[in-house]
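Me: I'd like to learn how to read a fold from its contacts. Can you walk me through one?

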Amino acid sequence: MNHESYDDALIRRILREVKTIALVGASASEARPSWIVTKYLIDRGYDVIPVNPGLAGQTLLGKTVYASLKDIPGPIDMVEIFRNSAAAGPITDEALALDPLPKVIWMQLSVRDDAAAARAEAKGVTVIMNRCPKIEYGRLSGEIGWQGINSRILSAKKPQLAGKGFQKLTINRPGT
């Protein structure tokens, strides 16, 4: 796979199909990007499982924090790596030791490990690198435009709100 750019259809498919996300590198600090992304994804209906050995056994945003991927007591659809590129290889290998395998390994902004990606793809796992699922969800749903950011997506279709409460858009619009 070409990891320089990703087709919007691939990103949209991943964000629609994934339900359970193990977020490795979760933080308890509300000022940290990993906390913000965890909250955002939970608010969009994902079951986000925080992974951080220093916080293991605690709760973060109502979710139990686990020390490692192997400690999570159920299948994981996606492993999101919120650590640096040097840690991406070992975390990918830990994810590839799971049974069943995750469908996706997603490396956060500035995180890239081409060798780890090749190992995962050889086992049929989709890999996304140097992207943020929060940003991609916001861009594809149109929410990012609320902040004045150009999403590079033009549509005459009316955005669909994702339910009651605080306004948010969904990527599950008919015809997208």
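Reply: The buried residues of α2 pack against β1 (20-24), β2 (47-51), β3 (59-60), β5 (78-81) and α5. Helices (H or I, at least four residues) and strands (E, at least two) are DSSP runs, numbered from the N terminus, and contact means heavy atoms within 4.5 Å. This is a predicted model, where local features need pLDDT of at least 70 and side-chain atom pairs count only at pLDDT 80 or more, while totals for chains, interfaces and linings use all residues. Numbering starts from 1 along each chain as its sequence is written, and side-chain values use heavy atoms, with hydrogens and water left out.

Me: Which are the buried residues of helix α2?

Reply: An α-helix has 3.6 residues a turn, so residues three or four places apart point the same way. In helix α2 (residues 33-43), the buried ones are S34, W35, V37, T38, Y40 and L41. Buried means under 20% relative accessible area, exposed over 50%, and partly exposed in between (1.4 Å probe, protein chains only). Just after α2, G45 has a positive phi of about 95 degrees.

Me: How many helices and strands are there in the protein chain?

Reply: Five helices and seven strands, running α-β-α-β-β-β-β-α-β-α-β-α from the N terminus. Of the chain's 176 residues, 47% count as buried.

Me: Which residues touch the most other members in the largest nonpolar core?

Reply: In soluble globular proteins, nonpolar side chains tend to be buried together. A nonpolar core here is a set of buried Ala, Val, Leu, Ile, Met, Phe, Trp, Tyr and Cys residues joined through side-chain atoms within 4.5 Å. The largest one has 51 residues, and Y46 and L69 touch the most other members. Helix α3 (residues 85-96) gives the largest share of this core, five residues. Leaving out residues up to four places away in sequence, L69 touches A22, V24, V51, I76, V79, I91, E94, A95 and L98.

Me: And K70, is that one buried or exposed?

Reply: K70 is exposed, with a relative accessible area of 65%, and sits in the loop between β4 (63-64) and β5. K70 touches E94 and L98, again not counting residues up to four places away in sequence. The C-alpha atoms of K70 and L98 are separated by 6.7 Å, though the two are 28 residues apart along the chain.

Me: How do α3 and α4 cross?

Reply: Two packed helices are described by the angle between their axes and the distance between the axes. The axes of α3 and helix α4 (residues 114-122) come within 8 Å and cross at roughly 10 degrees. Axes are lines fitted to C-alpha atoms, for helices over the stretch in contact, with angles from 0 to 180 degrees between N-to-C directions. The two helices are therefore roughly parallel to each other (angles under 35 degrees; over 145 is roughly antiparallel, 65 to 115 roughly perpendicular, the rest oblique). On the α3 side A88, G89, T92, D93 and L96 meet A116, R119 and A120 in α4.

Me: Where is the cis peptide bond?

Reply: The bond from D99 to P100 is cis, with omega near 5 degrees. P100 lies in the loop between α3 and β6 (104-107).

Me: What about S110, which has a positive phi?

Reply: S110 has a phi of about 70 degrees although it is not a glycine. S110 is in the loop between β6 and α4, and is exposed, with a relative accessible area of 60%.
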